[in-house]
Amino acid sequence: NSLNKATSAPSKEFDLNSTINVVSREDGSGTRGAFIEIVGILEKDEEGNEMDNTYEEAIIQNATDAVMTTTQGDRYAIGYISLGSLNNTVKALKIEGVEANPENIQNNSYKIARPFSIAYKEYLDSLGKDFLDFVLSSNGQDIVSNEGYIQTNSSLPEYNKTEQKGRLVIAGSTSVTPVMEKLAEAYENIHPNTSIEIQSTGSSAGIQAAIEGSADLAMVSRELKESELKELTGEIIAIDGIAIIVNKENPIEDLSLEDIRSIYIGKTTTWSKLT
């Protein structure tokens, strides 16, 4: 049974009998990896192999912005994005009565949340280490907080500036990219002889780039896998929620985790089944 089916006054133009247009991320997306695991779309078969049961008819988008644009332009769409990227072009649903906001992620009442991490090889150079120190300092974590994410720790050291120069390449998650751009900009302002290039390629591609050495740091928006941790060290830099978004004309306000799972495996296919 669906929980907490609170709805606002229905729009005259919104047809609840319409098909739900499911929007998902591409394979290799950290947001997709975290979403399917938390919601229960990822299951194991009898041999223990993981199966992603995402609805075959889902519209696949390869970036956070693309999911938002699709949902904004399609009144019958549903998607999922990083909470820190949420804006007023779409509507975030409550999950089992709980709003998607930093406070509810911090108190664990909002259930769809995941870590943002930086992953790197053991032999990180002086610039890479110093940038990581900045990100994990009170100065860096203030930026994390200002961008709508949860800090890793409430008691953090202040950043201790040392002379740095050179270039860093950071590749990976499109969800982590916005906050990483802010962190990189602040760091470059402190260290004018440094340059940080950010490549928004998806979590798995970023991890591969860090392993191969074409990137110094990987941005990852899911838990690191055991096989990845054999190659890289991971540092959590923030906690982020995953917002479930619909078009602003959609009268639905609140879904259960089971509702979302049912939509994303293709079992619930019309909006009327959710009211």
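Analyst: A119 stands opposite G234 in strand β12 (residues 233-246); strands here are DSSP runs of E of at least two residues, and helices are runs of H or I of at least four, numbered from the N terminus. The model is predicted, so local features need pLDDT of at least 70 and side-chain atom pairs count only at pLDDT 80 or more, while totals for chains, interfaces and linings use all residues. Residues are numbered from 1 along each chain as its sequence is written, and side-chain values use heavy atoms, with hydrogens and water left out.

Strand β8 (residues 113-120) is joined to β12 by 8 bridges, and the two run antiparallel; strands pair if DSSP finds at least two bridges between them. A further 3 bridges join β8 to strand β11 (residues 217-220), again antiparallel. There, I118 has M219 of β11 as its bridge partner. Strand β8 is mostly covered, with 7 of its 8 residues buried. Buried means under 20% relative accessible area, exposed over 50%, and partly exposed in between, using a 1.4 Å probe and protein chains only.

L168 lies in strand β9 (residues 166-172) and is buried, with a relative accessible area of 0%. Although L168 and T194 are 26 residues apart in sequence, their C-alpha atoms are 7.9 Å apart in space.
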